[in-house]
Amino acid sequence: MSPTDPSNMVLEARNLAKSFGSNTVLRDIDVEIRRGQVVALIGPSGSGKTTVLRSLNGLEIPDAGTVTFGSGDASSGLAINFGAKVGKKDLAALRDRSAMVFQQFNLFPHMTVLKNVIEGPVQVQKRPKAEAIAEAERLLERVGLADKRDAYPFELSGGQQQRVGIVRALALKPQLLLFDEPTSALDPELVGDVLGVIKELAEEGWTMVIVTHELAFAQHVADEVIFMDGGVVVERGPAAEVLRAPRQERTKLFVKRLQ
Ligand code: ADP
């Protein structure tokens with residue numbers, strides 16, 4: 001199956017627009033992601049990256065635009081038009097397709113690591129508890145945190161908490177992983193571990209969108225880079241082109257810090 005085969009499309013967002021009051025933060029944003037692709041969203045602070053990411057799974061409701069999951073095949077596809085009223089069922093279906101890893105980890109502070117990981121699969125997805133526990137243990141083992149299953153978030157370092165955040169997302173078995181600046185709240189010495197886990201997931205073929213300030217990392221793992229500024233996409237293309245040989249002045253200025 002070629003990467004351009006339309007049946008490989010995981011998500012297609014078209015013309016997303018969003019304002020907060022009189023502040024227009026997104027204009028005409030398009031995002032396409034095919035199976036196994038890694039897309040990095042980069043750009044200055046306040047350029048709208050997080051709002052795009054949150055719009056892809058309905059944590060933010062855009063004012064206009066569409067998000068389509070799947071190849072449009074009626075049995076598995078999902079098409080949402082934010083310009084019309086979005087029903088609860090559609091929103092729930094949208095949220096079920098992807099899982100978000102947050103900048104501030106967002107673990108439940110009063111729950112153990114294991115409970116944090118199985119909460120979504122058991123309570124929301126109604127999976128059998130024993131199966132969810134076995135899967136959680138397997139995933140914790142893989143990120144080197146098997147011995148922390150009964151610990152509480154406050155007992156863990158930031159890097160460990162974020163690895164639990166990633167495991168919690170994986171446990172939902174989403175079609176798409178969304179990362180919102182997953183390392184920017186970490187002490188510098190803990191960044192590498194978390195980026196290492198994300199890189200492994202990319203190599204395993206997970207489909208992901210990553211908002212990141214780590215340009216060297218983006219160059220390493222991303223198939224496509226989208227550079228945003230002022231709520232619009234300024235430039236997009238293969239990571240090596242956008243980061244190493246950008247065409248737009250604004251992109252050139254931004255990626256200078258990589259060189
Ligand atoms: P980035 O991720 O690139 O830093 P954001 O998507 O977080 O950018 O923010 C884009 C703009 O939207 C900023 O001006 C920000 O202040 C504004 N914004 C984001 N979320 C909200 C919100 N919930 N209410 C009001 N303004 C918001």
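Which strand and which helix each supply at least two residues of the shell around the ligand?

1. Basis of the note. This is a predicted model, in which local features need pLDDT of at least 70 and side-chain atom pairs count only at pLDDT 80 or more, whereas totals for chains, interfaces and linings use all residues. Residues are numbered from 1 along each chain as its sequence is written. Helices (H or I, at least four residues) and strands (E, at least two) are DSSP runs, numbered from the N terminus.

2. The ligand shell. Strand E2 (23-34) and helix H1 (49-56) are the elements that each supply at least two residues of the shell around the ligand, and H1 gives the largest share, three residues. The ligand is surrounded by Phe20, Asn23, Val25, Gly43, Ser45, Gly46, Ser47, Gly48, Lys49, Thr50 and Thr51, where a residue is near a molecule or strand if its C-beta atom, placed from the backbone, lies within 6 Å of it. By class, this shell has two nonpolar, eight polar and one charged residues; here Ala, Val, Leu, Ile, Met, Phe, Trp, Tyr, Cys and Pro count as nonpolar, Asp, Glu, Lys and Arg as charged, and the others, Gly among them, as polar.

3. The four-stranded sheet. Strands of a sheet pair through backbone hydrogen bonds, either parallel or antiparallel. E2, which contributes to the ligand shell, also belongs to an open sheet of four strands with the order E2-E1-E4-E5 and antiparallel pairing, where two strands pair if DSSP finds at least two bridges between them. E2 and strand E5 (78-81) are its edge strands, each pairing on one side only, and the twist from one strand to the next averages 10 degrees. Strand E4 (residues 64-69) and E5 run antiparallel and are joined by four bridges, with Phe69 standing opposite Leu78 in E5. Helix H2 (residues 88-97) lies across E4 and E5 and runs at about 120 degrees to E5; axes are lines fitted to C-alpha atoms, for helices over the stretch in contact, and angles run from 0 to 180 degrees between N-to-C directions.

4. The six-stranded sheet. A further open sheet is formed by six strands in the order E6-E7-E8-E3-E9-E10, and its pairing is mixed. The edge strands, each pairing on one side only, are strand E6 (98-101) and strand E10 (232-238), and the twist averages 15 degrees from one strand to the next. Within this sheet, strand E3 (residues 38-42) and strand E9 (residues 224-229) run parallel and are joined by four bridges, and the bridge partner of Ala40 in E9 is Val225. Helix H5 lies across E6 and strand E7 (176-180), running at about 175 degrees to E6.

5. Helices H3 and H4. Helix H3 (residues 113-124) and helix H4 (residues 129-142) pack with their axes 9 Å apart and at an angle of about 130 degrees. H3 and H4 are therefore oblique to each other, given that angles under 35 degrees count as roughly parallel, over 145 as roughly antiparallel, 65 to 115 as roughly perpendicular and the rest as oblique. The contact is made by Val113, Leu114, Val117, Ile118, Pro121 and Val122 of H3 and by Lys129, Ala132, Ile133, Ala136, Leu139 and Leu140 of H4, two residues being in contact if their C-beta atoms, placed from the backbone, lie within 7 Å. By class, this contact has 11 nonpolar, no polar and one charged residues.

6. Helices H4 and H5. The axes of H4 and H5 lie 10 Å apart, and the two helices pack at an angle of about 140 degrees, which makes H4 oblique to H5. Glu135, Ala136, Leu139 and Leu140 in H4 meet Val167, Leu170 and Ala171 in H5, and by class this contact has six nonpolar, no polar and one charged residues.

7. Helices H5 and H6. The axes of helix H5 (residues 158-171) and helix H6 (residues 188-203) come within 9 Å and cross at roughly 15 degrees, which makes H5 roughly parallel to H6. On the H5 side the contact is made by Gly158, Gly159, Gln162, Arg163 and Ile166, and on the H6 side by Leu190, Asp193, Val194 and Val197. The residues of this contact divide into four nonpolar, three polar and two charged.
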